[in-house]
Structure formats: structure tokens, C-alpha cells
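Welcome, and please take a look at the chain below. A short tour of its side-chain contacts and surface follows.

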Amino acid sequence: MAKNHVAQSPLERSCSLASLDHKLAMAKTSSHEGVIAGAKAAALASILAAIPTVGSARMVPWAKANLNPTAQALIVSTVAGMAYFIVADKTVLAKARRNSFNNTSNN
């Protein structure tokens with residue numbers, strides 16, 4: 001009779017409790033760094049987006065007629081949100097890539 005061989009995932013191959021704790025700690029660290037970097041980027045992006053948005057709403061005739069305060073706030077918050085998620089994602093992915101290269105060289 002043929003034996004059923006099921007391929008094991010990398011997580012099942014290195015299934016020690018210490019290894020899983022280390023991986024969890026690294027994931028928490030990288031996500032925390034991503035949150036911090038994203039918040040910094042969002043703060044900077046909101047300032048850099050608010051200045052030309054509010055300035056153009058005061059001086060440019062088309063913007064003065066069409067961009068009410070709600071539209072201005074929507075523009076600034078959209079830029080801040082995009083900056084947060086892009087920078088946080090890139091930070092977490094860079095940290096994960098760095099950790100995966102370090103782990104493969106140790107094995």
C-alpha cells in the first residue's frame with residue numbers, strides 16, 4: 001500500500017515553541033515600527049497637503065467657488081491616509097524581507 005506523504009509547511013517544519021515566540025515578537029516589532037513610520041508620514045503629508053489646498057481655496061477663483069471647507073478637509077485627510085498606509089506597508093514589508101534574509105542565512 002502506498003503511504004500518503006503530505007508536504008509540510010515551513011511553519012510545521014520549524015515548530016519549536018521558542019521559534020514561534022520569536023516570530024511573533026518580530027511580527028509585533030515590525031508592525032509597531034510600521035505604525036510609527038506611517039503616523040509620521042501622515043502628519044507630514046497632512047501639513048504639506050493643507051498648505052496648498054487652503055491657499056488655493058483662498059486665492060484661485062475656481063477653487064474659491066468649488067472647494068468648501070468639507071472638500072478641503074477631504075483632500076487633506078485622503079492624502080494623509082494614503083501616506084499612512086503606503087509608508088506603514090513599505091516599512092513592514094522591508095522589515096519582513098530583512099528578517100527573512102537573516103533567517104535563511106542562519107539555517
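## A salt bridge between helices

Glu33 is partly exposed, because its relative accessibility is 34% (buried means under 20% relative accessible area, exposed over 50%, partly exposed in between, with a 1.4 Å probe and protein chains only). This is a predicted model, in which local features need pLDDT of at least 70 and side-chain atom pairs count only at pLDDT 80 or more, while totals for chains, interfaces and linings use all residues. Residues are numbered from 1 along each chain as its sequence is written, and side-chain values use heavy atoms, leaving out hydrogens and water.

The structure holds one salt bridge (a side-chain nitrogen of Lys or Arg within 4 Å of a carboxyl oxygen of Asp or Glu). Its partners are the side chains of Glu33 and Lys95, at 3.4 Å from N to O. The pair connects distant parts of the chain, with Glu33 in helix α2 and Lys95 in helix α4 (residues 69-106), 62 residues apart; helices are DSSP runs of H or I with at least four residues, numbered from the N terminus. Lys95 counts as buried because its relative accessibility is 11%.

## An aromatic pair

You will also find one aromatic pair here (ring centres of Phe, Tyr and Trp, the last by its six-membered ring, within 6.5 Å; planes under 30 degrees apart count as stacked, over 60 as edge-to-face and the rest as tilted). Tyr84 is partly exposed at 24% relative accessible area, whereas Phe85 is exposed at 59%.

Definitions and conventions:
Helix = DSSP H or I, 4+ residues; strand = E, 2+ residues; numbered from the N terminus.
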